[in-house]
Amino acid sequence: MNVVVCAKQIPDPAAPGELDPNTKTLKREGKLILDDSDAYGVEMGLQLADKAGGGEVTLVSMAPHDEVSGLRTALAMGAAKAILISDDALQGSDSLATAKVLAAAIKRAEPDLVLTATESTDGYTGLLPAQLAELLGWPSITFAKHIEVTDGKAKVQRQTEEGYDEVEAPLPAIVSVTAGVVEPRYPSFKGIMAAKNKPVDQVTVADLGLSADDVGWKGARQEITDVVPAEERKAGEIVEDEGDAHERIVQFLEQLKVI
Amino acid sequence: MQLDLTPEQEDFRKVVRDFAEREIAPYTEEWDRTHTFPVDTVLAMGELGLFGLPFPEEYGGSGADFTTLCLAIEELARVDSSMAITLEAGVGLGANPVFRFGTEEQRQRWLPDLCAGRALGAFGLTEPHGGSDAGATATRATLDGDEWVIDGSKAFITNSGTPITSIITVTAASGPGEISAIVVPAGTPGLVVEPPYRKMGWHASDTHGLVFDGCRVPAENLLGERGQGFRNFLAILDDGRVAIAALAVGLAQACLEQSIAYAKERKAFGGPIGRYQGVAFKCADLAVGVENARALTYKAAWLKDEGRPFKQAAAMAKLYATELAVTATREATQIFGGYGFIDETPVARFYRDAKILEIGEGTSEVQRLVISRELGLPVET
């Protein structure tokens with residue numbers, strides 16, 4: 001079974017990020033790393049291909065400056081190859097434009113299954129999985145906490161607030177996975193060395209048959225009008241226990257209408 | 001001149017750091033307090049390929065160079081010296097003698113499990129009355145038909161009593177003026193693994209005294225040529241010294257990081273204590289020391305990887321890095337003040353873990369002796 005995993009390469013969340021004051025988007029100048037939330041999809045893909053007794057994992061990624069650092073991490077985990085779309089024309093792409101580009105690249109790989117994270121750690125839109133499904137005309141299942149593939153179908157336990165739904169869809173399908181779906185492996189040294197020589201197919205917007213007008217700033221249908229810093233957390237109220245602390249906490253929770 | 005690691009080495013360093021921070025750091029305090037050897041974590045280190053790093057792929061290794069092994073040891077030691085020494089001893093003293101001096105059959109038999117970290121090997125050299133006088137082996141091995149009969153005792157043997165210990169290589173007098181190395185599988189009748197030591201530090205590392213009482217193993221368990229046991233041991237010692245230096249670098253690095261963080265966060269007299277030169281300069285000195293120790297260590301590792309002589313470089317790295325580690329833990333504890341004396345902070349554990357580094361794999365005095373001799377001085381032992 002061939003699985004495509006959408007792998008985003010993002011600025012290291014451990015380093016302080018910076019916004020471009022003009023475009024109000026995140027600066028992506030330095031080295032990018034594999035989004036942690038995509039490591040779950042990579043691991044799931046590897047396990048599904050392994051269970052199916054054949055097939056491989058192909059990564060699809062869109063990143064500036066021919067960036068492959070994050071892809072190398074996923075290749076070191078065991079993915080077989082990658083398609084990287086890197087093109088100056090992509091600068092400013094919103095999530096729909098990104099979905100158009102990724103969908104075109106995914107078609108090239110002719111997968112049985114596409115795995116994505118539920119959302120990226122830098123952008124957090126969470127829109128991409130459903131957009132991809134719509135563009136490709138394939139079924140979409142979101143928030144998977146467990147995936148099984150049998151008889152040409154993806155059987156998924158879909159995380160809900162109360163528990164999970166059991167749903168299934170014929171392949172090919174797009175499934176977004178939560179951080180609970182599998183525990184990603186650590187790349188081994190052998191894996192890291194092998195990743196050096198795994199193929200990364202670098203393509204441009206034109207290579208995918210798309211027009212530069214459909215992507216980037218030109219193709220974006222959304223505009224970031226303003227960015228404001230998150231409100232600082234206010235100091236909490238400290239309840240000193242003078243024998244009645246539990247009553248005051250219950251009162252407080254009742255006020256909030258949480259009990 | 002090129003002083004960068006390769007991109008692959010950098011990537012792997014980051015993997016080991018992530019592993020150490022996620023799989024080891026949350027538990028070190030408990031392991032230290034309860035003197036627990038965490039078998040599952042050691043097996044996970046095996047799955048990561050750490051125990052097979054410098055060995056060829058045909059035996060289940062990764063074919064990495066020695067420098068890469070040192071990086072892994074350094075990163076583990078930055079979080080937990082016990083796990084770092086478990087790796088160092090497993091590779092350097094457990095698997096390495098089998099790889100260096102074993103026959104093809106011996107390699108095929110023992111190395112795959114050792115490389116995968118499914119099993120641990122130990123090396124029984126030091127004796128209760130031997131210490132640095134490692135040539136004065138009182139343990140005897142007598143050939144009786146097609147079996148070696150081993151009698152004697154060994155002291156301070158790392159990884160010798162874990163649930164996954166598979167083999168212990170023992171040096172023993174096999175004749176007048178003749179020392180041989182013999183592999184004793186764990187569980188062999190006549191091999192008594194004594195209860196664990198009550199150690200000052202390295203609480204999660206497995207260390208025992210061993211007694212051999214008429215312990216019989218097949219003649220074919222002789223490792224290397226008969227009578228070459230001591231010379232072979234000396235050959236692997238230089239590797240071990242560089243690896244211990246790497247462990248010391250990791251520990252000192254941890255002290256530096258903890259000290260800086262605490263000096264920024266801890267407030268006294270109306271501001272962070274790091275604004276005082278008395279604290280800031282300690283951090284500055286630590287940073288210089290760590291840089292020096294790392295440079296000496298990786299220079300020695302590089303010389304070994306290049307196939308050049310590195311005996312003196314290994315002794316210098318071991319001497320400097322381990323003494324720096326002891327200084328670093330002392331200074332970090334000082335910066336932490338009273339909290340540095342409490343086991344809730346990692347620096348108290350660091351302080352207890354550091355001292356052994358100036359002793360194991362050749363004391364500081366032995367390193368100075370080696371360096372002096374390399375300088376051409378006619379030093380007496």
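Modeller: Start with burial: a residue counts as buried when its relative accessible area is under 20%. This is a predicted model, and helix H10 (residues 346–354) of chain B shows the idea, with 7 of its 9 residues buried.

Biologist: Which residues in H10(B) are buried?

Modeller: They are Val347(B), Ala348(B), Arg349(B), Phe350(B), Arg352(B), Asp353(B) and Ala354(B).

Biologist: What covers the buried residues of H10(B)?

Modeller: The cover includes four helices of chain B: H2 (28–34), H5 (81–101), H7 and H9 (311–336).

Biologist: H7 is in that list. Where does Arg241(B) lie, and is Arg241(B) buried or exposed?

Modeller: Arg241(B) lies in helix H7 (residues 229–265) of chain B. Its relative accessible area is 5%, so Arg241(B) is classed as buried. Beyond its neighbours within four places in sequence, Arg241(B) is in contact with Ala314(B), Lys318(B), Glu361(B), Gly362(B), Val366(B), Gln367(B) and Val370(B).

Biologist: What about a residue in a loop? Where is Ser62(B) found, and what does Ser62(B) touch?

Modeller: Ser62(B) is found in chain B, in the loop between helix H3 (39–47) and helix H4 (66–77). With a relative accessible area of 9%, Ser62(B) is buried. Leaving out residues up to four places away in sequence, Ser62(B) touches Phe189(A) and Lys190(A) in chain A. Within chain B, Ser62(B) touches Gly49(B), Gly52(B), Leu53(B), Phe55(B) and Glu57(B).

Biologist: Those contacts include residues of chain A. How is the size of an interface given?

Modeller: Often as the accessible area lost when the parts come together. Here the area buried between chain B and chain A is about 1,200 Å², and carbon and sulfur atoms give 66% of that area. The contact takes 15 residues from chain B and 10 residues from chain A.

Biologist: How many salt bridges are there between chain B and chain A?

Modeller: The count is 2. One pair is Asp36(A) with Arg22(B), whose closest N and O atoms are 3.8 Å apart; the cut-off for a salt bridge is 4 Å. For polar contacts across the interface, the rule finds 2 residue pairs, both at pLDDT 80 or more. Helix H1 (residues 7–24) of chain B gives the most to the side of chain B that touches chain A, with 8 residues. By class, that side of chain B has 6 nonpolar, 3 polar and 6 charged residues.

Biologist: Next, cysteines. What is a disulfide, and how many disulfides are found over all chains?

Modeller: A disulfide is a covalent bond between the sulfur atoms of two cysteines. A search of the whole structure finds 0 disulfides. Cys115(B) is in no disulfide, and the nearest cysteine sulfur, that of Cys70(B), is 17 Å away. The cut-off for a disulfide is 2.5 Å. Cys115(B) has a relative accessible area of 2% and is therefore buried. In chain A, Cys6(A) also counts as buried, at 6% relative accessibility.

Biologist: Last, chain A as a whole. How many helices and strands does chain A have?

Modeller: Chain A has 7 helices and 11 strands. Along its principal axes the C-alpha trace of chain A spans about 70 × 50 × 40 Å. Of the 259 residues in chain A, 39% are buried. For sequence range, take the contacts in chain A between residues at least 6 apart in sequence: 72% of these join residues at least 24 apart.

Note on methods:
Residues are numbered from 1 along each chain as its sequence is written. Chains are lettered from A and ligands numbered from 1 in the order in which they are written. This is a predicted model: local features need pLDDT of at least 70, side-chain atom pairs count only at pLDDT 80 or more; totals for chains, interfaces and linings use all residues. Side-chain values use heavy atoms; hydrogens and water are left out. Helices (H or I, at least four residues) and strands (E, at least two) are DSSP runs, numbered from the N terminus. Buried means under 20% relative accessible area, exposed over 50%, partly exposed in between (1.4 Å probe, protein chains only). Contact means heavy atoms within 4.5 Å. Buried area is the accessible area (1.4 Å probe) that two parts lose on being put together, summed over both. A salt bridge is a side-chain nitrogen of Lys or Arg within 4 Å of a carboxyl oxygen of Asp or Glu. A polar contact is a pair of N or O atoms within 3.5 Å; within protein, one must be able to donate a hydrogen and the other to accept it, and residues adjacent in sequence count only if both atoms are side-chain atoms. Ala, Val, Leu, Ile, Met, Phe, Trp, Tyr, Cys and Pro count as nonpolar, Asp, Glu, Lys and Arg as charged, and the others, Gly among them, as polar.
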